[in-house]
Amino acid sequence: MQPGDEELMQKIKKGDVEAFDILVRRWENRLFKVIYRITGDFETSRDLRQEVFLRVYQSAKGYRSDGHFSTWLYRIAINCSINELRKRKRRQTLPLSMSEFGEEQAFQDALLDSSPGPDEVIQQSEMDEQIRAALHRLPDEQRVVIVLRHYEGLKFQQIASVLNCPLGTVKSRMHHGLEQLRARLKRYCWEGEASHGL
Amino acid sequence: MDCKQARALIIESLYDELASESAPQLQEHLDHCGDCLKYKAEMQATVEYLDRAVDKDVPVDLAALHEAIDRRRHRLLKFLRRRWPVWVTVGACALMLCMFALFVSEIQYKDGALTISFNGQKTDSLEERTSRILAAYREDQLQFQAQLTDELRSSVTAISQAINEYESQRDEQIAAAFQQMQVRQYQMLAAIREDLENLALQTDDRFKVSYLTTMAAMADLANSQ
């Protein structure tokens, strides 16, 4: 039976490197997806994920086991991501286009993987880009709530704990964020389904 | 329920977080409101479309991560090594300050002169110092209390004595005044009695003279007749 996150943290506290590796393997993809959906930048997300794991390792000694490891981890990830976005806004740099990761990676995947054809891969890549772009246009706080609720499956109450804000605020951000997504993805979601064949 | 409330609940229902007591109200609203029904369908489609985004697994390079951890761990040591003259100076200053704080028992500035006293005694712990200060404070309080009690007692005694003296003096004065008054009354009574006696004597004499005169006049009158 796999040890729980809290148990692993107790072992990391004592300097167990293997426990840290297990924790990293357990959370690497989920954490990457959260950060990537918030920042919209592949390389930045990889760096930020590494930074989050570094912080976890460094903070392990001061970690108080209260059964809310995931809340603590998401909080670190969200804070790192939001800080990065703020820095980026100050530097006035635009997020990298999906083409840097999406299209190139999609073609490579298509060449390596024989199951979906290149057209399907490109179509999927376009869809990913539409969703990523729509998400990226949302205000940070709305995007964070949507990512945590929709993609991570956290309950509204858990999101309120992660963000340390009232439940009503979380629901309101979710509502406004989804309304904006609805307006932006309208033509892909249902209006264009017939024409795009989606 | 209005459309604004209903739309907020629609979002909750899409994520299975709608409270059971709100579900019938929402359904009732949707049965009568075409706009909200359309809104729900569009939101449902949006949420489903969001699900179409494909998640790519991007594994962590564990070796790079451990390297980064080691780098960060050693960064402080490197910094300390690179700046060792500064740190040695800072450490020496801190040590001197600690020694100074340990061995200086008293610093006093009085009449324009700074006096620093040293002693080799071990510095008391905070707890010991606190208990000592508390004991001294309690002793001061007890002394002050005893002093106050003594002063109060002596002042009460003095007041009682003064009252007693005043009362005895007043009694003596009253007694003397009463005595004098009595003497004066006796004297007045004696004078009155004497006057009365004199008056009675005078009255007797006058009566006798007038009686004799009257009798002589009557005798003269009888003789003349």
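## Close-up views of a predicted two-chain model

**View 1. Chain A as a whole.** The secondary structure of chain A comprises ten helices and zero strands. The model is predicted, with scores of ipTM 0.74 and pTM 0.57. Chain A has 198 residues, of which 36% are buried. Taking the contacts in chain A between residues at least 6 apart in sequence, 65% link residues at least 24 apart.

**View 2. The largest nonpolar core.** This core contains 52 residues. Within it, the residues with the most contacts are A:Ile35, A:Ala77, A:Leu148 and A:Ile159. Helix α2(A) contributes ten residues, the largest share of the core. In soluble globular proteins, nonpolar side chains tend to be buried together.

View 3. Helix α3(A) is made of 18 residues and extends 26 Å from its first C-alpha to its last, close to the 26 Å expected at 1.5 Å a residue. Its buried residues are A:Thr44, A:Ser45, A:Leu48, A:Arg49, A:Val52, A:Phe53, A:Val56 and A:Tyr57. A:Ser45, which lies in this helix, counts as buried because it has 24 C-beta neighbours inside 10 Å, and the cut-off for a buried residue is 20 or more. When residues up to four places away in sequence are set aside, A:Ser45 touches A:Phe32, A:Ile35, A:Tyr36 and A:Thr39. One of these, A:Phe32, is 13 residues from A:Ser45 in sequence, and the two are 6.3 Å apart from C-alpha to C-alpha.

**View 4. Helix α4 of chain A and its packing partners.** Helix α4(A) covers residues 69-91, a run of 23 residues. From first C-alpha to last it reaches 33 Å, close to the 33 Å expected at 1.5 Å a residue. Buried in this helix are A:Leu73, A:Tyr74, A:Ala77, A:Ile78, A:Cys80, A:Ser81 and A:Leu85. These buried residues pack against four helices of chain A, namely α2 (17-39), α3 (42-59), α7 (140-151) and α8 (156-163). A:Ala77 is also among the residues with the most contacts inside the largest nonpolar core.

**View 5. A:Ile82 on helix α4 of chain A.** A:Ile82 also belongs to helix α4 of chain A. Is A:Ile82 buried or partly exposed? With 17 C-beta neighbours inside 10 Å, A:Ile82 counts as partly exposed, because a buried residue needs 20 or more. A:Ile82 and A:Glu141 are 59 residues apart along the chain, and their C-alpha atoms are separated by 8.7 Å.

**View 6. Helix α8 of chain A and A:Ile159.** The buried residues A:Phe156, A:Ile159, A:Val162 and A:Leu163 belong to α8(A). Viewed down the helix axis, the buried residues of α8(A) fall within an arc of 115°, so they line one face of the helix. Apart from its neighbours within four places in sequence, A:Ile159 is in contact with A:Val145, A:Leu148, A:Arg149, A:Leu154 and A:Val170. Both A:Ile159 and A:Leu148 are among the residues with the most contacts inside the largest nonpolar core. Just after α8(A), A:Asn164 adopts a positive phi of about 55°.

**View 7. Chain B as a whole.** Chain B contains six helices and two strands, arranged from the N terminus as α-α-α-α-α-β-β-α. Of its 225 residues, 5% count as buried. Among contacts in chain B between residues at least 6 apart in sequence, 42% connect residues at least 24 apart. The average pLDDT of chain B is 85, and 94% of the residues score at least 70. Among the elements of chain B, the lowest mean pLDDT, 71, belongs to strand β1 (residues 104-110), and the highest, 91, to helix α6 (residues 126-224).

**View 8. The contact between the chains.** Here 24 residues of chain B are in contact with 30 residues of chain A. On the side of chain B that touches chain A, α1 (3-14), α3 (34-50) and α4 (62-82) of chain B each supply at least two residues. Helix α3(B) gives the largest share of that side, seven residues. By class, the side of chain B that touches chain A consists of 17 nonpolar, one polar and six charged residues.

Conventions:
Residues are numbered from 1 along each chain as its sequence is written. Chains are lettered from A and ligands numbered from 1 in the order in which they are written. This is a predicted model: local features need pLDDT of at least 70, side-chain atom pairs count only at pLDDT 80 or more; totals for chains, interfaces and linings use all residues. Two residues are in contact if their C-beta atoms, placed from the backbone, lie within 7 Å. Ala, Val, Leu, Ile, Met, Phe, Trp, Tyr, Cys and Pro count as nonpolar, Asp, Glu, Lys and Arg as charged, and the others, Gly among them, as polar. The expected span of a helix is 1.5 Å times one less than its number of residues. A residue is buried if 20 or more other C-beta atoms lie within 10 Å of its own, exposed if 12 or fewer, and partly exposed in between; C-beta atoms are placed from the backbone. A nonpolar core is a set of buried Ala, Val, Leu, Ile, Met, Phe, Trp, Tyr and Cys residues joined through C-beta atoms within 7 Å. pLDDT is the predictor's confidence in each residue, from 0 to 100. The arc is that of the directions from the helix axis to the C-beta atoms.
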